[in-house]
Amino acid sequence: MRGDIDFDRLGITDDLMFGTVFQDPNLCQGLIELLLGIQVEKIEFVERQGLLDAGPLSRAGIVDLLVRDAAGNEYDVEMQNVATPGIARRARRYLTLVDANMLDRGQRFEDAGDAIVIFICANDPFGRGWKRYDFMRTCAQDGQPMDDGTSIVFVNAAGTRGDYGDGFDAFLRYLSNDTVIESDYVRSVDDAVRGVRDNPQWRRYRMLWSEKYRDEIADAMDEGRAEGEAIGARRRDEQLARLARALEGAGRAGELAGALGDEARLGALLREFDVK
């Protein structure tokens with residue numbers, strides 16, 4: 001219910017709050033550098049609740065935070081508040097979506113940057129106690145990395161094992177208890193949370209949003225795509241029937257069979273005979 005939201009207690013672990021705060025490129029860059037222990041030259045693109053679509057036969061996905069840096073690397077950063085069965089396969093799905101959306105038609109595979117999916121988890125997703133779990137593709141025979149530029153990282157706010165620096169630990173403690181401010185970066189994040197939380201327009205938007213709503217958007221897109229494909233198929237059949245009659249009337253009926261395997265030729269014939 002809308003009235004159930006206690007905005008005074010809403011913090012960075014709320015997925016919409018998370019996406020709103022880290023839309024700020026500076027805070028976003030700091031987050032990625034902190035969680036991965038890397039240096040990022042510059043953040044060029046940040047999208048909250050980004051929609052990724054891998055094509056007509058695939059389920060669309062809505063990600064918390066989609067990020068691209070100046071080197072062409074892309075990051076999907078997810079806030080995960082509850083233990084979710086199958087989280088590893090969900091992460092694989094998101095990695096596939098990010099990877100599929102990186103290259104434009106005509107670009108070479110070697111032009112692709114790295115694709116990294118980060119899940120920030122309130123609970124230990126694997127129960128082994130690590131503060132961070134890093135997964136990359138390696139050779140089963142000798143353990144050598146494939147170096148394909150992809151990785152999936154799970155950050156565990158409940159973790160106790162591993163040393164990733166004081167800043168990393170300060171952020172984990174803030175995730176578990178947002179009254180614990182132990183670094184300048186965490187202070188900046190907390191200030192941003194308070195600013196967003198006090199914004200009436202954001203509050204109205206937040207009341208309309210839920211995990212259920214996110215899933216409904218993806219489901220609706222899938223259903224809409226299926227309906228659109230059916231309509232498109234019927235429309236193409238009608239076009240081909242009209243084109244066949246036009247070609248027969250012009251004494252060129254034999255051209256249709258060859259054009260069906262050649263989209264460019266088929267398009268030229270449709271335009272020539274003004275078939276819409």
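**Exercise 1. The second largest pocket**

Task: In this predicted model, determine which element gives the largest share of the lining of the second largest pocket, and describe that lining by class.

Solution. 
Step 1. Strand S6 contributes three residues, the largest share of the lining.
Step 2. Two strands, S5 (132-135) and S6 (150-156), each supply at least two lining residues.
Step 3. The lining comprises 16 residues; Ile116, Met136, Gly149, Thr150 and Ser151 are those nearest the centre of the pocket.
Step 4. Sorted by class, the lining holds seven nonpolar, six charged and three polar residues.
Step 5. The space in this pocket amounts to about 250 Å³.

**Exercise 2. The nonpolar cores**

Task: State how many residues the largest nonpolar core has, and identify the helix that gives the most to this core.

Solution. 
Step 1. The largest nonpolar core has 40 residues.
Step 2. Within this core, the residues with the most contacts are Ile12, Phe18, Val21, Phe22, Ile118 and Ile120.
Step 3. Helix H2, which spans residues 25-36, gives the most to the core, namely seven residues.
Step 4. A separate second core has 16 residues, among them Ala91, Leu97, Met102 and Phe154.
Step 5. Phe22 may now be examined individually. Neighbours within four places in sequence being set aside, Phe22 is in contact with Ile12, Leu27, Cys28, Leu31, Val46, Leu65, Phe171, Tyr185 and Val189.

**Exercise 3. The surroundings of Leu10**

Task: Locate Leu10 relative to helix H1, classify Leu10 as buried or exposed, and list the residues that Leu10 touches beyond four places in sequence.

Solution. 
Step 1. Leu10 belongs to the segment that precedes helix H1 (15-21).
Step 2. Because its relative accessible area is 12%, Leu10 is buried.
Step 3. When residues up to four places away in sequence are not counted, Leu10 touches Ile5, Met17, Val193, Arg197, Trp202 and Arg206.
Step 4. Leu10 and Asp178 are 168 residues apart along the chain, and their C-alpha atoms are separated by 9.8 Å.

Conventions:
Residues numbered from 1 in each chain as written. Predicted model: local features only at pLDDT ≥ 70, side-chain atom pairs only at ≥ 80, totals over all residues. Heavy atoms only, no water. Core = buried A, V, L, I, M, F, W, Y, C linked by side-chain atoms within 4.5 Å. Buried < 20%, exposed > 50% of the residue type's maximum accessible area, 1.4 Å probe, protein only. Helix = DSSP H or I, 4+ residues; strand = E, 2+ residues; numbered from the N terminus. Contact = heavy atoms within 4.5 Å. 1 Å grid on protein atoms, 1.4 Å probe; cavity = no way out; pocket = protein on both sides within 12 Å on 5 of 7 lines; lining within 4 Å. Points joined across faces, edges and corners; volume = space filled by probe spheres on them. Nonpolar A, V, L, I, M, F, W, Y, C, P; charged D, E, K, R; others polar.
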